[in-house]
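This report walks a new reader through one protein chain, beginning with a term that the later sections rely on. Please look over the sequence and the model before reading on.

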Amino acid sequence: MRYLRYLFLLAVGFCLLIVALANRGSVPLQVIPDEMAAYVGQPFSLNLPLFVIIFGAIGVGLLIGFIWEWFREHKHRVDARTQKREKEQLARQVRGLKKQKAEGKDDVLALLEDAS
């Protein structure tokens with residue numbers, strides 16, 4: 001299974017390399033429109049290879065998706081944390097009740113009841 005994963009990653013890397021080689025041409029990337037740049041006084045424009053823009057857009061999209069998903073799952077994490085806290089509290093109560101029940105009994109019998 002590990003070799004299949006490496007083979008898949010190698011194929012994806014090869015495809016990305018082909019895309020990068022096919023899109024080496026430099027293109028201007030304007031951060032704001034020309035009309036707004038006139039108000040600022042400086043045009044915000046960069047000349048970058050097209051594959052950098054493509055891979056950057058994919059990376060930004062993944063980052064936005066991860067952040068969105070993290071916020072969406074917040075309620076599930078809070079619920080899991082609450083349930084874990086309740087479980088630990090109930091386990092402490094059960095241990096306390098077992099100790100209370102075992103008071104005054106033989107130590108061996110208390111150990112056997114505690115194991116079950």
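## A term to begin with

A residue is called buried when its relative accessible area is under 20%, exposed when that value is over 50%, and partly exposed in between. The model described here is a predicted one, and the values given below are computed from it.

## The chain as a whole

The chain contains five helices and two strands, and, read from the N terminus, its elements follow the order α-β-α-β-α-α-α. Of its 116 residues, 4% count as buried.

The accessible surface of the chain amounts to about 10,500 Å², and carbon and sulfur atoms account for 67% of that area.

Two aromatic pairs are found when the whole structure is searched. In one of them, the ring centres of Phe51 and Phe55 lie 6.1 Å apart and the planes meet at 70°, so this pair is classed as edge-to-face, because planes over 60 degrees apart fall under that heading. Both Phe51 and Phe55 belong to helix H3, which covers residues 50–72, and they are four residues apart, or about one turn of the helix. Phe51 is partly exposed at 24% relative accessibility, and Phe55 is likewise partly exposed, with a value of 29%.

Side chains of opposite charge can pair when their charged atoms come close. How many salt bridges does the chain hold? The count comes to one salt bridge, formed by Arg72 with Glu69, whose closest N and O atoms are 2.4 Å apart. Arg72 and Glu69 are three residues apart in helix H3, so about one helical turn separates them. Is Glu69 buried or exposed, or does it fall in between? With 29% relative accessibility, Glu69 counts as partly exposed, because its value lies between the limits of 20% and 50%; Arg72, with a relative accessible area of 44%, is also partly exposed.

Two arginine side chains are placed over tyrosine rings. The charged end of Arg2 sits over the ring of Tyr3, at 5.5 Å from the ring centre, while Arg5 lies over the face of Tyr6, 6.0 Å from the centre of that ring.

## Two loop positions

Asn23 has its place in the loop between H1 and strand S1 (26–30), and its relative accessible area of 22% makes Asn23 partly exposed. Although Asn23 and Leu50 are 27 residues apart in sequence, their C-alpha atoms are 5.4 Å apart in space. Leaving aside residues up to four places away in sequence, Asn23 touches Pro49, Leu50, Phe51 and Ile54; Phe51 is also a member of the edge-to-face pair described above.

Pro33 lies in the loop between S1 and helix H2 (34–40), where, at 41% relative accessibility, Pro33 counts as partly exposed. Pro33 and Ser45 are twelve residues apart in sequence, and the distance between them in space, from C-alpha to C-alpha, is 9.4 Å.

Key. Residues are numbered from 1 along each chain as its sequence is written. This is a predicted model: local features need pLDDT of at least 70, side-chain atom pairs count only at pLDDT 80 or more; totals for chains, interfaces and linings use all residues. Side-chain values use heavy atoms; hydrogens and water are left out. Rings of Phe, Tyr and Trp (its six-membered ring) pair if their centres lie within 6.5 Å; planes under 30 degrees apart count as stacked, over 60 as edge-to-face and the rest as tilted. Buried means under 20% relative accessible area, exposed over 50%, partly exposed in between (1.4 Å probe, protein chains only). A charge sits over a ring if NZ of Lys or CZ of Arg is within 6 Å of the ring centre and within 35 degrees of the ring normal. A salt bridge is a side-chain nitrogen of Lys or Arg within 4 Å of a carboxyl oxygen of Asp or Glu. Contact means heavy atoms within 4.5 Å. Accessible areas come from the Shrake-Rupley method with a 1.4 Å probe; for residues, only the protein chains shown count as cover.
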